[in-house]
Amino acid sequence: MKLSAKTEEPLQIVSVIDDRIDAAVALEFKETMRQLTENAPATVILDLSSVTFIDSSGLGAIVATMKYLAPDRTLVLAGLTGPVDRVFRLTRMDSVFTLYPTLEAAVHDQELL
């Protein structure tokens, strides 16, 4: 599982480099996210623009990351591709997470807060 992170106060941006978040990588994803966000600022943006497939294990790993960050930090999601966006909407996770069509939109909106 490849992730990259950069901090641009007051945000941390974590980008998923792989095209899948599934059962094969869910545990590694959760652990890597914990390590990368251990000292993160108040808002973490997860850039999913490279991800074309997510299963229930991947969705669970993202939810676990949100719970790990709460209550002091917020996880927002950006750049959901069509198939990934459909999974979030079908499971009603779009009502749990703040979703942005692009990373740029997420960064812009968060800077305004």
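Asp22 sits in the loop between strand E3 (20-21) and helix H1 (26-37). Helices (H or I, at least four residues) and strands (E, at least two) are DSSP runs, numbered from the N terminus. The model is predicted: local features need pLDDT of at least 70 and side-chain atom pairs count only at pLDDT 80 or more, while totals for chains, interfaces and linings use all residues. Residues are numbered from 1 along each chain as its sequence is written, and side-chain values use heavy atoms, with hydrogens and water left out.

The side chain of Asp22 makes a polar contact with the side chain of Arg20 at 2.9 Å. A polar contact is a pair of N or O atoms within 3.5 Å; within protein, one must be able to donate a hydrogen and the other to accept it, and residues adjacent in sequence count only if both atoms are side-chain atoms. Leaving aside neighbours within four places in sequence, Asp22 is in contact (heavy atoms within 4.5 Å) with Phe53, Asp55, Ser57 and Gly58.

The side chain of Gln12 reaches the backbone oxygen of Leu36 at 2.9 Å. Not counting residues up to four places away in sequence, Gln12 touches residues including Ala5, Leu36, Thr37 and Val44. With the same exclusion, the residues that Val16 touches include Leu3, Ile21, Phe29 and Leu48.

| Residue | Relative accessible area | Class |
|---|---|---|
| Asp22 | 11% | buried |
| Gln12 | 4% | buried |
| Val16 | 1% | buried |

How do helices H1 and H2 lie against each other? The axes of H1 and H2 (residues 56-69) come within 9 Å and cross at roughly 25°. Axes are lines fitted to C-alpha atoms, for helices over the stretch in contact, and angles run from 0 to 180 degrees between N-to-C directions.

On the H1 side, the contact is made by Ala26, Phe29, Lys30, Met33, Arg34 and Thr37. On the H2 side, the residues include Ser57, Gly58, Ala61 and Ile62. The residues of this contact divide into 8 nonpolar, 4 polar and 2 charged. Here Ala, Val, Leu, Ile, Met, Phe, Trp, Tyr, Cys and Pro count as nonpolar, Asp, Glu, Lys and Arg as charged, and the others, Gly among them, as polar.

Definitions and conventions. Buried < 20%, exposed > 50% of the residue type's maximum accessible area, 1.4 Å probe, protein only.
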